[in-house]
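Dear colleague,

Please find it below, followed by an account of what was found in it.

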Amino acid sequence: MTLEEKIGQMTQIERSVASAEVMNKYYIGSVLSGGGSVPSKQASAETWVAMVNDFQKGSLSTRLGIPMIYGIDAVHGHNNVYKATIFPHNVGLGATRDPELVKKIGAATALEVRATGIPYVFAPCIAVCRDPRWGRCYESYSEDHKIVQAMTQIIPGLQGDMPPNSRKGVPFVAPGNKKVAACAKHYVGDGGTTKGINENNTVIDRHGLLSIHMPAYYNSIIEGVATIMVSYSSWNGVKMHANRDMVTGFLKNTLRFRGFVISDWEGVDRITSPPHANYSYSITAGINAGIDMIMVPNNYTEFIDGLTFQVKNKIIPMSRIDDAVRRILRVKFTMGLFENRLADLSLVNQLGSQEHRDLAREAVRRSLVLLTNGESADEPLLPLPKKTSKILVAGSHADNLGYQCGGWTIEWQGMSGNNLTHGTTILTGIKNTVDPETKVVYKENPDAEYVKSNDFSYAIVVVGEPPYAETFGDSLNLTLPDAGLKTITNVCGAVKCVVVVVSGRPVVMQPYVSLLDALVAAWLPGSEGQGVADVLFGDYGFTGKLSRTWFKTVDQLPMNVGDPHYDPLFPFGFGLTTAPTKAN
């Protein structure tokens, strides 16, 4: 391979700047969709396949014909794509405590991603979120590394089961077109930053890093994960994207990881503060640290020219380039990309299939955590009776598909409303479940007078956080929006009520608990809101357990299970159970 061909393999560019011509001219090794980056609004699976194949034909027309690998964030199902099944975010899956369920979700996600012609996903996030003030906490399965380790079962779901007696540390993706290459992220300590500030500094000794934030990487590597993404964050002041000791020394040499290491979006630029202030230094630091593929993603000629100059002038050794390209090609060969170079339309009916929606609905049921239920154990409010005269459903999140899906849904930051993709809102689920004689009244923000004067049998209040992703979700106060708190006060002050909280993390609830009759944590359930109604009305019992500590006040944070000063509102592992009702 020429130097140009090698450096091309190391370059990942955004879909919006890619074309068959660019792929051919620069020997580009990989293309990605950033959050919300799609070929056209509400694009069909066929449109996706046509786009991916168009780029691929450019790669196949080069001298060596090395296929490019297309990557996308599929972090709770194939979440950028219209009509895809949106599964609960990881925080909810952690509450299921069920690695086999998560493995099935991985397999379903792989099929939906392959339906659109894409063979590579930037998932799973195996962060151990130690502070809910972090805007990515919902992408973390738990504050407890043992739960995160168990949930790495999603990797064989995505990639396929490794054959017995495979070599440990070698990437494995089942051949054919039903599985995808996975990416464990973000290496390492992304969930441990000070005050949960995104992309910030994780201050912890080596023992703490290795015992809390590292263990899930051991599992991922043993399970044959194909790629690992480096974190924007720093460890004790050293940017992970420039940390040769951890990327080359520990990950590649000690753990014997044989897949490829990829940067995050402009991760190399962000080695300097401000980003891109000294790009030639960033290239040296990032490549010499051991990063193999650079998610550039836009100014690819600047990256290619800069890296070419540094190799020609011996600033970066050719051996480092060869290591990177060997790893990238190893993954491409392993996953059968050279045999199955172009995608076909054979899987388009997998996108948003009923079978996958049923699986997502089951995941919703299993993820719900019942925190309080009635004045006392012998007078529970839940499960609710289906047959009664009139019930009130209130709150900002009762009839908002975008809100119940959260960030990383259609758009990077998520959306509001019900016309963004296909799914069932919690309100629709309730209407589908109650007896045909039962009148369901929906009012988003009723005043107390209205509630008092209407003789409701009971009320279901669904409130929570608006969607967010990454830094936009960082929050130092963790309070629900005022409108939601007002709804709780107005409704629960006047009638028996259950409050369902739709949020990416525990939020401030202590002042309101005494007002409510029952409290349910629904996390970010995704497109299948019917799963919430399934459990509220007793078709299924509550089984979920908190995978995060529910704090009393933010002043306590960070506070995690096992800490000496542990005084939560609801402890890690807590969750009341109910039996399914026969009467219903």
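Two strands are said to pair if DSSP finds at least two bridges between them. Helices (H or I, at least four residues) and strands (E, at least two) are DSSP runs, numbered from the N terminus. This is a predicted model, in which local features need pLDDT of at least 70 and side-chain atom pairs count only at pLDDT 80 or more, while totals for chains, interfaces and linings use all residues. Residues are numbered from 1 along each chain as its sequence is written, and side-chain values use heavy atoms, with hydrogens and water left out.

I begin with the strands. S5 and S7 run parallel and are joined by four bridges; Ala-184 has Ile-228 in S7 as its bridge partner. S7 also pairs with strand S10 (residues 260–262), again in the parallel sense, over three bridges, and here Met-229 stands opposite Ile-262. In a regular strand the side chains alternate between the two faces of the sheet. Strand S7 (residues 227–230) is covered on both faces, with Thr-227 and Met-229 buried on one side and Ile-228 and Val-230 buried on the other. Buried here means under 20% relative accessible area, exposed means over 50%, and partly exposed lies in between (1.4 Å probe, protein chains only).

I turn next to the salt bridges. A salt bridge is a side-chain nitrogen of Lys or Arg within 4 Å of a carboxyl oxygen of Asp or Glu. The structure holds 26 of them.

One of these joins Lys-103 to Asp-161, with the closest N and O atoms 2.8 Å apart. The pair links distant parts of the chain, 58 residues apart: Lys-103 is in helix H5 (residues 99–115), and Asp-161 is in the loop between helix H7 (154–159) and strand S5 (183–187). Lys-103 counts as buried because its relative accessibility is 18%, whereas Asp-161, at 48%, is partly exposed.

Glu-143 and Arg-548 also meet in a salt bridge (3.9 Å, N to O). They lie 405 residues apart, Glu-143 in the loop between strand S4 (120–121) and helix H6 (145–151) and Arg-548 in the segment after helix H19 (530–536). Both residues are buried.

A further salt bridge is formed by Arg-320 and Asp-292, whose closest N and O atoms are 2.5 Å apart. Arg-320 lies in helix H13 (residues 318–334) and Asp-292 in the loop between helix H11 (279–289) and strand S11 (294–295), so the pair ties together parts that are 28 residues apart in sequence. Arg-320 is buried at 8% relative accessible area, and Asp-292 is buried at 0%. Both belong to a network of salt bridges that also links Lys-252, Asp-323 and Arg-327.

Yours sincerely
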